[in-house]
Every structure is written in structure tokens, then in C-alpha cells.
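Dear colleague,

Please find below the structure that I am handing over to you. My notes on it follow, written for someone who has not seen it before.

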Amino acid sequence: MLAIATYGERILGQAAQPVQLFDEPLAALAEKMLETMKLAQGVGIAAPQVGQGIRLFIMASHPNDRYPDAPLMAPQVVINPQILKRSGKMLAGEEGCLSLPGERVQILRHESIEVRYQDLSGEWQQEWLQGFVARIFQHEYDHLEGLTLRERLE
Ligand SMILES: O=C(CSC(=O)[C@H](Cc1ccccc1)CC(F)(F)F)c1ccccc1
Ligand SMILES: [Zn+2]
């Protein structure tokens, strides 16, 4: 399990750098992040949270006590993400953060977003996300921009 940076550590406040090399070390990092996220019982985790200032995160929605109807999805490695479109409709919802242990805050997010990103093999994916999965994507994307829930308090 990798150490998770907590609020106040410099790396959480910095913009992360684009990933250039889709090599074995990158796959190994993603594997370790997935294990860390599962042990910490999260639905996502971003590379800066484990001390790596690169534009990579994992999202892994599953039903949880706050979002019982959240879709169960296979963990997705998201690299060099772009948000192409944002719905006008916003939704407030409860979020937590592995870097802010125990905190739960109501955050406004776009209900749906069109996104584009590379997977571990460097292939570009483009899709529409909505609801809880869109929320996770926006939360993790914030981490790559050096933003946490504290900066997002509505
Ligand atoms: O599973 C968690 C724990 S916090 C979590 O999984 C963060 C991701 C997240 C939780 C809730 C909404 C959006 C993103 C992980 C982080 F901080 F590393 F990104 C959860 C917390 C509140 C509502 C629903 C679920
Ligand atoms: Zn977070």
C-alpha cells in the first residue's frame, strides 16, 4: 500500500504533468494505486495523492452507503484526461477524500460531462459520463489541477 498524502502537502496543491511514456513502470504504479484505493475503501484515487505529480487517476464506482444505486464498474485507469463538455445542470452531493480523512462535504458538480482520456495502452477513449461516475471523474480531475474539496466548498 502506498502512502496517501494528506491536505497541506505541497504535491496536492500543484498541477500534475502529462504522461508521456506508457511503459512498464506506469502500469506498475497504476497497479499499486488500485491496491491502495481498495485498501482505503475509496471509489477513486489520483497519482498526486500517492506523491506522483502526473496526470493519471483511477475511478472505480461501486454501490456505497451514500450512493446505494452507484453503478458497479471495473476500475478504469484514466490518463491525460480532458473534459470536452459540461452539462448546465449541476447536482450537489456528498463527497469524501482519502487525503482529508473523515471529512464529508456537499459539493456541486456537473450532472454529466463528455470526457476524453488515454488508457494504460495509450489508446484514446471518449465517452459521456453522468451521475456518480461523472462526480468521481470531476473529483479526481481536480486533484490533477492541484484542487481538493477544501478549494471546492460551495
Ligand atoms: O468511497 C468513499 C471514500 S472517499 C473517495 O473514494 C474519494 C473519491 C470520491 C468520493 C466521493 C465522490 C467523488 C470522489 C477518493 C479520493 F479522495 F482519493 F479521490 C466515498 C465518500 C463519500 C461519498 C461516496 C464515497
Ligand atoms: Zn480526493
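I begin with Gln 41, which follows helix 1 and has a positive phi, near 55 degrees. Please note that the model is a predicted one. An oxygen atom of ligand 1 lies 3.5 Å from a polar backbone atom of this residue, Gln 41. Val 43 also meets the ligand through its backbone: one of its N or O atoms is 2.7 Å from an oxygen atom of ligand 1. In total, 20 residues surround ligand 1, and the closest are Val 43, Gln 49, Cys 97, Leu 98 and Glu 140.

Helix 1 itself covers residues 24–39. Its 16 residues span 23 Å from the first C-alpha to the last, close to the 22 Å expected at 1.5 Å a residue. Buried along this helix are Leu 26, Leu 29, Ala 30, Met 33, Leu 34, Thr 36 and Met 37. Viewed down the axis of helix 1, these buried residues fall within an arc of 165 degrees, so they line one face of the helix. As background, an α-helix has 3.6 residues a turn, so residues three or four places apart point the same way.

Distant parts of the chain are linked here, since Cys 97 sits in the loop between strand 4 (90–95) and strand 5 (105–110), while His 143 belongs to helix 2 (residues 131–144), 46 residues apart. Cys 97 is buried, with a relative accessible area of 7%, and His 143 is also buried, at 1%.

Finally, I draw your attention to Ile 113, in strand 6 (residues 112–118). Ile 113 is buried, and its relative accessible area is 0%. Leaving aside neighbours within four places in sequence, its contacts are Ile 83, Lys 85, Arg 86, Glu 127, Trp 128, Leu 129, Ala 134, Phe 137 and Gln 138. The C-alpha atoms of Ile 113 and Gln 41 are separated by 25 Å, and the two residues are 72 residues apart along the chain.

Yours sincerely

Methods. Residues are numbered from 1 along each chain as its sequence is written. Chains are lettered from A and ligands numbered from 1 in the order in which they are written. This is a predicted model: local features need pLDDT of at least 70, side-chain atom pairs count only at pLDDT 80 or more; totals for chains, interfaces and linings use all residues. Side-chain values use heavy atoms; hydrogens and water are left out. Helices (H or I, at least four residues) and strands (E, at least two) are DSSP runs, numbered from the N terminus. The expected span of a helix is 1.5 Å times one less than its number of residues. Buried means under 20% relative accessible area, exposed over 50%, partly exposed in between (1.4 Å probe, protein chains only). The arc is that of the directions from the helix axis to the C-beta atoms. A residue is near a molecule or strand if one of its heavy atoms lies within 4 Å of it. A polar contact is a pair of N or O atoms within 3.5 Å; within protein, one must be able to donate a hydrogen and the other to accept it, and residues adjacent in sequence count only if both atoms are side-chain atoms. Contact means heavy atoms within 4.5 Å.
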